[in-house]
Amino acid sequence: MTLLIVNTLSAADEAARAAIEELTAAVQDYKVINTEGLRISPCVGCNACWLVTPGLCAIKDDYEDILKDYLQYDAVVYIARTALGFVDHRMKNVIDRILPLVTMLTYIVDGQMRHVMRYEKDFKCGLLYAGSADKPYLDRWLGRVAINMGGQSLGAYPIESAKEVLACIS
């Protein structure tokens, strides 16, 4: 199993460092991306990644390399802070910018609309969050993100529970 870790907390954050250490000790092939200091703008909803330059975001910032990394690893674990019981704006930007991986074409599965995937990829994602949050809501949200990406959720867990997400990766 290969693992991509996208950390939106400070690289010096003790809880993040401990979680990253636990995650990387369990897999042979991994990459850690600390977004602190990276320029990651929010999605502007221009649809250029669907219509003008399929698969490429019109926003030219540091996110482009992260987007390519999604295709190289079996699973991704996001590490984020919470705000108002949900992921903070940094993580929301990271998730929203995934859109170039899907097409604007949709189809119905079990009465729900799904995007047609641009790449053949089983997208697996998990979330470790720091702060207080509505865990059932985060689980449901991450599950919806994964379904819309043609994949599966590994679940959302407090940052101290890195071993919980590891159990789902195997």
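Which residues of helix 4 are buried? In this predicted model, in which residues are numbered from 1 along each chain as its sequence is written, local features need pLDDT of at least 70 and side-chain atom pairs count only at pLDDT 80 or more, while totals for chains, interfaces and linings use all residues. Side-chain values use heavy atoms, with hydrogens and water left out.

The buried residues of helix 4 are Met91, Asn93, Val94 and Ile95, where buried means under 20% relative accessible area, exposed over 50% and partly exposed in between (1.4 Å probe, protein chains only). Helices (H or I, at least four residues) and strands (E, at least two) are DSSP runs, numbered from the N terminus. The buried residues of helix 4 pack against strand 1, helix 3, strand 3, strand 4 and helix 5, contact being defined as heavy atoms within 4.5 Å.

When residues up to four places away in sequence are not counted, Tyr78 touches Val6, Tyr70, Met91, Val94, Ile95, Ile98, Phe123, Cys125, Gly126, Leu127 and Leu128.

A search of the whole structure finds 5 aromatic pairs, in which the rings of Phe, Tyr and Trp (its six-membered ring) have centres within 6.5 Å, with planes under 30 degrees apart counted as stacked, over 60 as edge-to-face and the rest as tilted. Ring pairs link Tyr63, Tyr70, Tyr78 and Phe123 into a cluster.

Lys124 lies in strand 7 (residues 124-130) and counts as buried because its relative accessibility is 17%. Its side chain is joined to that of Asp122 by a polar contact of 3.0 Å, a term for a pair of N or O atoms within 3.5 Å of which, within protein, one must be able to donate a hydrogen and the other to accept it, residues adjacent in sequence counting only if both atoms are side-chain atoms. Beyond residues up to four places away in sequence, Lys124 touches Asp74, Ala75, Val76, Gln152 and Leu154.

Asp139, in helix 5 (residues 135-148), counts as partly exposed because its relative accessibility is 28%. With residues up to four places away in sequence again not counted, Asp139 touches Gly155 and Ala156, whereas Asp139 and Cys57, 82 residues apart in sequence, are 27 Å apart in space, C-alpha to C-alpha.

Most residues other than glycine have a negative phi. Asn47, in the loop between strand 2 (29-34) and helix 2, has a positive phi near 65 degrees and is partly exposed, with a relative accessible area of 32%. Leu84, in the loop between strand 3 and strand 4, has a positive phi near 55 degrees and counts as exposed because its relative accessibility is 91%.
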